[in-house]
Amino acid sequence: MEGECRASQARSWGLPAGGAGGDSPGGDAPLPGSISSSSLLQAEVLDLDEDEDDLEVFSKDASLMDMNSFSPLMPTSPLSMINQVKFEDEPDLKDLFITVDEPESHVTTIETFITYRIITKTSRGEFDSSEFEVRRRYQDFLWLKEKLEEAHPTLIIPPLPEKFIVKGMVERFNDDFIETRRKALHKFLNRIADHPTLTFNEDFKIFLTAQALEFSSHKKQGPGLLSRMGQSVRAVALSMRGVKSRPEEFMEMNNFIEIFSQKINLIDKISQRIYKEEREYLDEMKEYGPIHILWSASEEDLADTLKSVASCIDKCCKATEKRMSGFSEALLPVVHEYVLYSEMLMAVMKRRDQIQAELDSKVEALTSKKADTDLLTEEIGKLEDKVECANNALKADWERWKQNMQNDIKSAFTNMAEENILYYEQCLATWESFLTSQTDLHLEEASEDKL
Amino acid sequence: MEQATPDPERLWQPAPLEPLSHPDAGLESMMTENNFSLKKIEISVSEAEKRTGRNAMNMQETYTAYLIETRSVEHNDGQSVLTDSLWRRYSEFELLRNYLLVYYPHIVVPPLPEKRAEFVWHKLSADNMDPDFVERRRIGLENFLLRVASHPILCRDKIFYLFLTQEGNWKETVNETGFQLKADSRLKALNATFRVKNPDKRFIELKHYSDELQSVISHLLRVRARVADRLYGVYKVHGNYGRVFSEWSAIEKEMGDGLQSAGHHMDVYASSIDDILEDEEHYADQLKEYLFYAEALRAVCRKHELMQYDLEMAAQDLASKKQQCEELATGTVRTFSLKGMTTKLFGQETPEQREARIKMLEEQIKEGEQQLKSKNLEGREFVRNAWADIERFKEQKNHDLKEALISYAVMQISMCKKGIQVWTNAKECFSKM
């Protein structure tokens, strides 16, 4: 199984970047694989020698990540590093570094929109330079995604953050919203860069490098809106067909996707709810501490104890805030990305089914009509190749995706558990020191009686 | 447990946390009086039972009865023997307390637990029949009895003794004391509060303090209830992870076990909040006791104001009578009087009449002076006794509230430790996925 995988991987690498599947495989020399890890991005951040073993470069210290807004919020636990490295053929060096930052608002007579700065650093030969800086807006990202889907209908394209977030959004350009979106866009581009096939896509390259005019003229090429609409109508008609003759392994895959999608959506909802409840808890706690200070004003003997309690509560509030921010940075975006991924997966499944259906309809045509058998047979031959390629591409990408998913989910939840442990440890220390201070001062009532 | 001392004057602190958290703890107390035998007794409110009966209007009602058990402890072997056991309902406790308020106005009378559940957060039932509420009330009633029993003065009261020992007829006995008639009317008290000119400064301060205490503790309890509500929410939502992880684990091969067991820990986490918050209710009850004590403090202040006002009125009355007398004697009318007016209108009175009046006034003045003297004495004695009890109360309050705050910290520590354990276990499961 693994051997097959590898062979098909070599094949897909050999395909000309941006070409649609279906042509015979191109050159067999595997292009340098890329490691889907952020460790080498860390290398950039830490300014270390690129040749260094990426495991050494890794630093679990979260503060390093915070220091630099460039670092993507990808799993950085040692375990996930090891797992990711295992599944790549050759742990070669990453040669494409992308960051998304500096959102800027642009106002025109027709509309207001935000652009993001995209900085690309690369050592690849096919790039004209080693550094690029461009500005792109959300629409442009959408365009890129569509082009990638067109070129690789059965590869799992990374998801984009949503166009709008319906609930709780007052203003499209709220700061939190922009920041969340920026991080997601950053992740989006990096996931593409890490993908063994997509990273060499021509449109991707243009997206990263073309300046404004060149870019907009390039966008205008390619199938127009109408033809795209026409395609999707056909697609719907065909997709039903594809489902019937789906091979076993893809039935399993589909089943997984359906259940996964359900569960991840639930987890997303639960996680959002937890965040909300914690926020409300924090708000109440913030009021709770000061009451003790107020009380201490009318007391004499009790004043110190009351003030101590108030300060403990305040410290716990700060610990809660920290826990919440950890939660919203590590867990929520990851879970949400996989919610979007699950939608993506369903679309990929559909596209695969469509390709299969195309073949099936031609085969049916062959068996029913006797006319143009030669032409049909030739078409069928091409379609059979197309189907095989599509299936193999999906199979390989599926394994890769699953592995990534496991790692991402695992680290996100491990991280959440760590944040909680830290939170409780901090609160514990606070209250324990309060207790010792009280019993030091008043020896007659030992706390040991109570414990 | 603290030992009873033979000296009733000694200020005695009960251990209030024990009664509130250990239902069967008693307190040794000594009752010395002419009829009462000198022995150590333990009091506990050990059970609560739902009963139905007929009320005063012959309508059926449901109420809760509480079993009060009194045990005497033999000096030598420390064995306790059940001496009395009877059932009382909340209204009888109220009757006892009202009686004590009337007969001991200079004492800060311990408060009863709340009649209706207040400061509830959503989970806690506000229903008086709810078993949790009944249980907490049982503990509160026991605490009340223990406080009375350990008070150097209140513990000697006969009605209190009978409350513990005489089941039948107790209500009649209390009513026969006629204490309701002796009670100061609220209106009178209110009037005095407004009009008193020279109350003891310490009582004014005490009144302010009790107002502040009441206000701040109410506020604290309200916010605490809201915090509890939110905390409950946070914990319980995590429980949902448990269910979803479990369902998800069915489709995963490598991740499945880790997910499943992590889910189990999420369930543990979610259910741990119930015990945590139940403990916190006991803490809230300790604060509530002092919330209600604030009212008891105010009652003592009111009594002082009433007595002081009474004294001031008596002095004023005496002064005016003296004035009248003087005027009659000297024949000068300096102040307005009805007699003066009528005299002017209807003619002078005879010398005999005048003499009679002067004599009457002189007698009244004599009486008035006696009364003023005794009122003065009473007033000063009241202030002295009340202030002694207030000092005792202050010490008790500082001790108890500090204990309560420490116990709050202990609860938080326990909660944190549980949290660390659960999340450490969960983290292990996650890392094995």
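## The contact between chain A and chain B

How many salt bridges are there between chain A and chain B? In this structure, which is a predicted model, the count between the two chains is seven. One that can be picked out by name joins the side chain of Lys427(B) to that of Glu418(A), with nitrogen and oxygen 3.2 Å apart.

The size of an interface is often expressed as the accessible area lost when the parts come together. Here chain A and chain B bury about 5,800 Å² between them, and 74% of that area lies on carbon and sulfur atoms. Within chain A, the residues that lose the most area to chain B are Tyr288(A), Trp295(A) and Tyr424(A), which together make up 13% of what that side buries. Counted by residues, the contact draws 59 from chain A and 56 from chain B.

## Confidence along chain A

The confidence of the prediction should be kept in mind when chain A is read, as its pLDDT averages 77 and 69% of its residues score at least 70. Among the elements of chain A, H11(A) has the highest mean pLDDT, 95, while helix H3 of chain A (residues 54-57) has the lowest, 34.

## Salt bridges within the chains

Side chains of opposite charge can pair when their charged atoms come close. Over all chains, a search of the whole structure finds 62 salt bridges. In one of them, the side chains of Glu102(A) and Arg117(A) meet with nitrogen and oxygen 3.4 Å apart. This pair links distant parts of the chain, with Glu102(A) in strand E1 (residues 96-107) of chain A and Arg117(A) in strand E2 (residues 112-122) of chain A, 15 residues apart. Glu102(A) is partly exposed at a relative accessible area of 39%, whereas Arg117(A), at 14%, counts as buried.

Another salt bridge pairs Lys219(A) with Asp140(A), whose closest N and O atoms are 2.6 Å apart. Because Lys219(A) belongs to helix H9 (residues 212-220) of chain A and Asp140(A) to helix H6 (residues 138-151) of chain A, the pair ties together parts that are 79 residues apart in sequence. Lys219(A) is partly exposed, with a relative accessible area of 23%, and Asp140(A) is buried at 7%.

In chain B, the side chains of Asp200(B) and Arg202(B) form a salt bridge of 3.4 Å, N to O. Both partners are partly exposed, Asp200(B) at a relative accessible area of 22% and Arg202(B) at 34%. Elsewhere, salt bridges that share partners join Glu114(B), Arg136(B), Arg224(B), Glu280(B), Glu281(B), Asp285(B) and Lys288(B) into one network.

Helix H8 of chain A (residues 202-209) is mostly covered, with seven of its eight residues buried. These are Asp203(A), Phe204(A), Lys205(A), Ile206(A), Phe207(A), Leu208(A) and Thr209(A). They pack against E1, E2, strand E3 (131-137), H6, helix H7 (175-194) and H9 of chain A, among which E1 and E2 hold the pair Glu102(A) and Arg117(A), while H6 and H9 hold Asp140(A) and Lys219(A). At the start of H8(A), a side-chain oxygen of Asn201(A) comes within 2.8 Å of the backbone nitrogen of Asp203(A).

In chain B, helix H8 covers residues 201-249 and includes Ser210(B). Is Ser210(B) buried or exposed? Ser210(B) has a relative accessible area of 0%, so it is buried. Apart from its neighbours within four places in sequence, Ser210(B) is in contact with Ala294(B), Leu297(B) and Arg298(B).

Notes: Residues are numbered from 1 along each chain as its sequence is written. Chains are lettered from A and ligands numbered from 1 in the order in which they are written. This is a predicted model: local features need pLDDT of at least 70, side-chain atom pairs count only at pLDDT 80 or more; totals for chains, interfaces and linings use all residues. Side-chain values use heavy atoms; hydrogens and water are left out. Contact means heavy atoms within 4.5 Å. Buried area is the accessible area (1.4 Å probe) that two parts lose on being put together, summed over both. A salt bridge is a side-chain nitrogen of Lys or Arg within 4 Å of a carboxyl oxygen of Asp or Glu. pLDDT is the predictor's confidence in each residue, from 0 to 100. Helices (H or I, at least four residues) and strands (E, at least two) are DSSP runs, numbered from the N terminus. Buried means under 20% relative accessible area, exposed over 50%, partly exposed in between (1.4 Å probe, protein chains only). A polar contact is a pair of N or O atoms within 3.5 Å; within protein, one must be able to donate a hydrogen and the other to accept it, and residues adjacent in sequence count only if both atoms are side-chain atoms.
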